[in-house]
Amino acid sequence: MIGAVGVVGLVACTGSGAGAGAVASAGSQSGEARSISAAEKRKGAEAHPQLLEEFGGAYTGPQVGYVVRVGQNIAVQSGLGNARSDFTVTLLNSPVNNAFAIPGGYVYLTRQLMALMNDEAEMAGVLGHEVGHVAARHSEKRQKAATRNSILGILGQIGSQVLLGDSAIGRLGQQVFGTGSQLLTLKYSRKQEYEADDLGIRYLASAGYDPQALSTMLYSLASQSAIDARLAGRDARSAPEWASTHPDPARRVSRAAKNASKLAKVGGIRNRDQFLQSLDGILYGDDPKQGVIEGNSFLHPDLRVKFTVPNGFSMQNGARAVSIAGSSGQAQFTTAPYKGDMTAYIDAAFKRVAGEGKTISHGGIQRTTVNGLPAFYAIARVDSNNGPVDVTVFAYEFSKSSAFHFAAIAPAGSAAVFSPMYQSMSRLSASQAASIKPRKVDVVTVKSGDTISSLSSRMAYTSYQQDRFLVLNRLNANDVLRAGQKVKIITF
């Protein structure tokens with residue numbers, strides 16, 4: 001959720017790998033690399049601000065310069081540009097494990113994925129993989145089967161397989177959850193993923209890094225994905241965030257390691273110490289300025305908003321909405337311009353659900369009160385391609401110029417599944433808002449007597465403390481820490 005004057009937004013568990021493809025790379029099947037064209041630069045420049053908005057904006061911490069330098073260094077290995085200045089590398093203020101690249105020389109990494117890494121080579125490997133998708137023109141090949149023809153064309157909707165599954169409400173869900181920048185939800189083929197892995201490994205080697213770094217990063221990603229799945233009540237074998245468009249990272253670990261061994265260089269760069277020194281203090285998890293997810297609750301200290309989703313539902317927060325997903329329905333929490341006319345507000349919300357040029361006829365608007373807030377709602381029965389569904393807009397008036405609402409879909413007759421969520425909406429008190437603190441990465445030096453158990457207990461979480469610590473540091477439970485070793489913990 002962007003700040004107090006903006007909306008909330010996200011893609012649930014959709015990840016990266018966006019390369020709306022443009023140019024061929026040396027080593028790809030398309031032949032020799034060619035320079036970034038003026039048209040590609042123009043399209044990339046048009047997409048860039050929208051991507052920034054969708055993914056929480058550019059991060060402004062001291063890590064930025066380091067990420068830019070490493071990202072430009074690895075991107076230039078692709079042959080897409082002749083100089084580092086040909087590439088615009090951005091560290092995104094997003095709590096999602098994500099990285100992607102688009103034509104025009106634009107490369108992106110989220111601070112959350114950076115925090116999962118353990119050295120500079122791993123960061124270069126992930127960025128190289130994404131540049132590889134662009135270099136091999138993978139997205140261009142995907143776009144030939146799509147109905148849109150601009151960079152943001154396939155960015156225009158969330159794929160039903162990502163957020164909604166293949167349920168009966170999937171197609172309508174694409175309209176409910178449509179945002180401006182979800183190219184990232186379309187999956188690459190296994191062959192394309194392998195090709196991007198191979199290119200990323202090649203870029204690592206040519207830049208002087210240890211080419212095994214992509215393999216070790218994929219290992220960490222697979223482990224983090226398993227924790228995320230357990231926290232969300234999903235099958236631990238599913239693949240969230242960056243992995244959602246890079247299927248089954250665990251299977252790719254051994255393949256990447258094997259291929260990297262063919263390019264292995266003695267003394268290939270890892271730069272662990274420099275990386276950890278730069279990473280120290282980076283924001284981790286949700287940025288309170290955009291709202292935070294704590295267990296089943298969403299809290300926004302600036303907007304003074306709080307609600308709780310039912311058990312079995314997961315949330316993802318981003319720039320335009322909080323997305324809520326479960327097996328029995330999906331919803332978004334967001335806001336829109338409000339001038340004191342709730343009828344007009346709800347009508348406009350249904351129009352956005354219907355999509356451009358379409359309408360949804362809803363029942364009468366009902367009024368109620370939820371925890372002291374004036375609340376209004378209406379329900380529409382809609383025939384989707386796969387059967388009837390109920391669409392609900394449930395809105396709250398926070399002031400005569402401020403309103404928020406849920407847009408939800410559920411199988412016909414099941415709209416009440418979200419009733420507990422609607423009734424949980426409340427204002428945060430000043431003390432509650434002030435108590436919400438950001439988490440950060442704290443790089444600490446292991447002292448004599450420190451153990452995995454003792455350091456895990458310092459993690460700023462109430463669940464999975466040791467699991468989180470192990471994944472964050474790419475450690476196993478039976479590893480023995482040594483005095484002087486640097487490790488990451490998450491603190492307030």
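# Notebook: salt bridges, helices and cores

I began with Asp 390, which counts as buried because its relative accessibility is 6%. Buried means under 20% relative accessible area, exposed means over 50%, and partly exposed lies in between (1.4 Å probe, protein chains only). I noted that this is a predicted model, where local features need pLDDT of at least 70, side-chain atom pairs count only at pLDDT 80 or more, and totals for chains, interfaces and linings use all residues. Residues are numbered from 1 along each chain as its sequence is written, and side-chain values use heavy atoms, with hydrogens and water left out.

**Entry 1: the partner of Asp 390**

I looked for what Asp 390 pairs with. Asp 390 forms a salt bridge with Arg 381. The closest N and O atoms are 2.4 Å apart. A salt bridge here is a side-chain nitrogen of Lys or Arg within 4 Å of a carboxyl oxygen of Asp or Glu. Arg 381 is exposed, because its relative accessible area is 53%. I then looked at shared partners. Salt bridges join Asp 119, Glu 122, Asp 210, Arg 270 and Arg 474 into one network. By the salt-bridge rule, the count comes to 8.

**Entry 2: Glu 122**

Is Glu 122 buried or exposed? Glu 122 counts as buried, because its relative accessibility is 0%.

I checked its side chain next. Glu 122 and Arg 270 meet in a salt bridge at 3.7 Å, N to O. This pair links distant parts of the chain. Glu 122 sits in helix 4, and Arg 270 sits in the loop between helix 10 (249-261) and helix 11 (272-279). They are 148 residues apart. Helices (H or I, at least four residues) and strands (E, at least two) are DSSP runs, numbered from the N terminus.

Arg 474 also meets Glu 122 in a salt bridge, at 2.9 Å, N to O.

**Entry 3: Arg 474 and helix 16**

I followed Arg 474 back to its place. Arg 474 is in the loop between helix 16 and strand 17. It counts as partly exposed, because its relative accessibility is 28%. Its phi is near 50°, a positive value in a residue other than glycine. Arg 474 follows helix 16.

Which residues of helix 16 are buried? They are Arg 468, Phe 469, Leu 470, Val 471 and Leu 472. Their cover includes helix 3 (111-116), helix 9 (213-231), strand 4 (283-284), helix 15 and strand 17. Contact means heavy atoms within 4.5 Å.

I found another positive phi at Tyr 464, near 55°. Tyr 464 lies in the loop between helix 15 and helix 16. It is partly exposed, because its relative accessible area is 31%.

**Entry 4: helix 1**

I checked the length of helix 1 (residues 38-54). At 1.5 Å a residue, its 17 residues should span 24 Å, and its end C-alpha atoms are 25 Å apart, which agrees. The expected span is 1.5 Å times one less than the number of residues.

Where does helix 1 kink? A kink of about 30° lies at His 48, shortly before Pro 49. The bend is the angle between axes fitted to the seven residues ending at a residue and the seven starting there.

Buried residues in helix 1 are Glu 40, Gly 44, Ala 47, His 48, Leu 51, Leu 52 and Glu 54. Strand 1 (88-92), strand 2 (99-102) and strand 3 (106-110) are among what covers them. Gly 56 follows helix 1, with a positive phi near 80°.

**Entry 5: the cores**

I looked up the nonpolar cores. Such a core is a set of buried Ala, Val, Leu, Ile, Met, Phe, Trp, Tyr and Cys residues joined through side-chain atoms within 4.5 Å. The largest has 67 residues, and Leu 109, Leu 113, Met 114 and Met 123 have the most contacts inside it. Helix 4 (residues 120-135) gives the most to this core, with 8 residues. Another core, of 24 residues, lies apart from it and includes Leu 373, Tyr 396, Phe 406 and Ala 408.

**Entry 6: the whole chain**

I ended with totals. The chain has 16 helices and 17 strands. Buried residues make up 57% of its 492 residues. Among contacts between residues at least 6 apart in sequence, 69% join residues at least 24 apart.
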